[in-house]
Amino acid sequence: MPDWAQKRMSSVPFAGSRIPWRSGSFFHFEFMLEITDSGSPFPMDANRQAIPVLVVDDSPVARKLVEHALPADEYTILSASTGQEAIELFARHQPSLVITDWLMPDLSGVELCQRIRSDFQDRFTYIIILTGVSEKSEVVKGLQAGADEYLTKPFHPDELLARARVGRRIIALHREIEAKNRLLEQLALTDELTQLPNRRAVVQWATRQLSGALRHDFPFWVVMADIDQFKLVNDSAGHQAGDIVLKKFSEILRANTRQSDICGRIGGDEFVLIISHAVRDGIEVMIQRVREQFEAQHFPFNNGRVITASFGIAGFAHGRVQQIEHLMVQADAALYAAKRLGRNRVELAPAAPSIR
């Protein structure tokens, strides 16, 4: 893992607080993290909050014995008397822990394990099977079906509680891993300096949006942007000054991008906007506004010289068979036309011919 990513994951400001982490105002990879005292992203502290437990047994007495063994401040009990009822409750509540009898009138505990593992693969659940069968071959059968633990009947309440607490610890570890994986996904899709989506993130998002534009026949535009003579800023004022310029430009892009669109940094001083549901004239007016706002910025380290940006636009008002990479190439060509024509301007690419 890169040092900057490791630092991002380990350095957190408020232990025990819930904070939103997002890659940019217009990018839809966001989730809530809870920061634990250890400083790791952790969506729920399973050691301090009651977790939902699904108890499955056709015997009311047996269900009560399980319930009485589990403290109410640690476990919230959901009860099912049949395997089918258990599946329905599981689908509605997605409990973290399942304690099920082996023998039931419809689905057995083994079949219930198989259904949970096959139908709900996106969520980890710890499963304990209670059984009067002690033969090793049967125990192996249950574990192979997806059970994490088994306990023979009649069970001692303290032993059941101890095994349930082992399940809690494993559930907590899985959730921490899931949270860190989501954070890594965020980091992999985010430009570190500007906190805008990076090229990979923009292309992923735009490819899906372009598919919708072609299917539903709505306008779709790609705008490439480049800060004019940016190398001179770095050479004369230093890279820290260049970073200030990049951050300010990204702030202006973000402020002018709708929630339904996306803007991102694709490398160096190059940026991209993906805009849909807008007419050609409206796109040009919007990008001219961005250009003027950036031109109006004052940077004290640049000896009074104005820093500007150029833009190239490509797209279509009605569905054409295109790929996002083709539109980015067309917008890039329009951008370099703007550079050749004197910089600090907006150029539109010619309408692309329909490809069938």
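Reader: Is Arg 291 buried or exposed?

Author: This is a predicted model, and in it Arg 291 counts as buried, at 13% relative accessibility. The cut-off for buried is under 20% relative accessible area.

Reader: Which residue forms a salt bridge with Arg 291?

Author: The general idea comes before the case. Side chains of opposite charge can pair when their charged atoms come close. Here Arg 291 forms a salt bridge with Glu 295, and the closest N and O atoms are 3.3 Å apart. Both residues belong to helix α10, where four residues, about one turn of the helix, separate them. Glu 295 is partly exposed, with 29% relative accessibility.

Reader: How many salt bridges does the structure hold?

Author: The number is 18. Glu 67 is buried at a relative accessible area of 18%, while Lys 64 is partly exposed at 46%.

Reader: Which parts of the chain does the salt bridge of Asp 57 and Lys 153 link?

Author: The side chains of Asp 57 and Lys 153 meet at 3.2 Å, N to O. This pair links distant parts of the chain, 96 residues apart. Asp 57 is in the loop between β3 (51–56) and α2 (60–69), and Lys 153 is in the loop between β7 (149–152) and α6 (157–188). Asp 57 is buried, its relative accessible area being 3%. Lys 153, at 30% relative accessibility, is partly exposed.

Reader: What is the order of the strands in the open sheet?

Author: As background, strands of a sheet pair through backbone hydrogen bonds, either parallel or antiparallel. In this model five strands form an open sheet, ordered β4-β3-β5-β6-β7, and the pairing is parallel. The edges are β4 (75–80) and β7; each has a single partner strand, so one side of each has no neighbour in the sheet. From one strand to the next, the twist averages 20°.

Reader: Which strands pair with β5, and over how many bridges?

Author: β3 pairs with β5 in the parallel sense over four bridges. On this pairing, Val 53 stands opposite Leu 97, and Val 55 stands opposite Ile 99. β5 also pairs in the parallel sense with strand β6 (residues 126–131), over five bridges. There the bridge partner of Leu 97 is Tyr 126.

Reader: Which residues of β5 point one way, and which the other?

Author: Leu 97, Ile 99 and Asp 101 point one way from the strand, and Val 98 and Thr 100 point the other way. All are buried. Strand β5 (residues 97–101) is accordingly described as mostly covered, with five of its five residues buried.

Reader: Which helices lie across the strands of the sheet?

Author: Two can be named. Helix α2 lies across β3, β4, β5 and β6, and runs at about 175° to β4. Helix α6 lies across β3, β4, β5, β6 and β7, and runs at about 160° to β6.

Reader: At what angle do helices α9 and α10 pack, and how far apart are their axes?

Author: Two packed helices are described by the angle between their axes and the distance between the axes. Helix α9 (residues 239–255) and helix α10 (residues 280–295) pack at an angle of about 145°, and their axes are 10 Å apart. The crossing of α9 past α10 is right-handed.

Reader: Which residues meet in the contact of α9 with α10?

Author: From α9 come Val 245, Phe 249, Ile 252 and Leu 253; from α10 come Val 290, Gln 293 and Phe 294. By class, the residues of this contact are six nonpolar, one polar and no charged.

Reader: Which residues does Ser 250 touch, apart from those up to four places away in sequence?

Author: Ser 250 is found in helix α9. With residues up to four places away in sequence left out, Ser 250 touches Thr 194, Leu 196 and Phe 271. Ser 250 is buried, with 2% relative accessible area.

How values were computed: Residues are numbered from 1 along each chain as its sequence is written. This is a predicted model: local features need pLDDT of at least 70, side-chain atom pairs count only at pLDDT 80 or more; totals for chains, interfaces and linings use all residues. Side-chain values use heavy atoms; hydrogens and water are left out. Axes are lines fitted to C-alpha atoms, for helices over the stretch in contact, and angles run from 0 to 180 degrees between N-to-C directions. Helices (H or I, at least four residues) and strands (E, at least two) are DSSP runs, numbered from the N terminus. A crossing is left-handed if the near helix is turned anticlockwise from the far one by less than a right angle, and right-handed if clockwise. Contact means heavy atoms within 4.5 Å. Ala, Val, Leu, Ile, Met, Phe, Trp, Tyr, Cys and Pro count as nonpolar, Asp, Glu, Lys and Arg as charged, and the others, Gly among them, as polar. A salt bridge is a side-chain nitrogen of Lys or Arg within 4 Å of a carboxyl oxygen of Asp or Glu. Buried means under 20% relative accessible area, exposed over 50%, partly exposed in between (1.4 Å probe, protein chains only). Two strands pair if DSSP finds at least two bridges between them.
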